[in-house]
Amino acid sequence: MKTDINTIRSLAHLARLEFNETKEQEMLSDLNKILNWMEQLNELNTDNVEPLIHMSEEVNVMREDVAQNTVTHDEALRNAPKKDSDYFRVPKVLE
């Protein structure tokens, strides 16, 4: 499958991209390479290949959820640009 410069321009318009003529030609070349590669993949026999749903067979591999105090209250407030006794001071967001 081959594509032409009008297809590149149409895709660029849809993606809100702008290319000069040199870049358009580069994009055309790259897109044609990708489409040729996809044609090669279509030639492979995948009749006995099951669809890949997950990248690995592992299910719910997570660390234990253990509460820890890694930063003390005072250490956190020490780096605050503005603070008010025990709280961070931030600009008002809602009125």
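Tutor: Helices (H or I, at least four residues) and strands (E, at least two) are DSSP runs, numbered from the N terminus. This is a predicted model, where local features need pLDDT of at least 70, side-chain atom pairs count only at pLDDT 80 or more, and totals for chains, interfaces and linings use all residues. Residues are numbered from 1 along each chain as its sequence is written, and side-chain values use heavy atoms, with hydrogens and water left out.

Student: OK, is Thr3 buried or exposed?

Tutor: Thr3 sits in the segment before H1. Buried means under 20% relative accessible area and exposed over 50%, with partly exposed in between (1.4 Å probe, protein chains only). Thr3 has 15%, so call it buried.

Student: Which side chain makes a polar contact with the side chain of Thr3?

Tutor: A polar contact is a pair of N or O atoms within 3.5 Å; within protein, one must be able to donate a hydrogen and the other to accept it, and residues adjacent in sequence count only if both atoms are side-chain atoms. At 3.1 Å, the partner of Thr3 is the side chain of Thr7.

Student: Which residues of H1 are buried, and why do they line one face?

Tutor: Seen down the axis of H1, the buried residues fall within an arc of 55 degrees (taken from the directions from the helix axis to the C-beta atoms), so they line one face. On the other side, Asn6, His13 and Leu14 are exposed. The buried ones are Ile5, Ile8 and Ala12.
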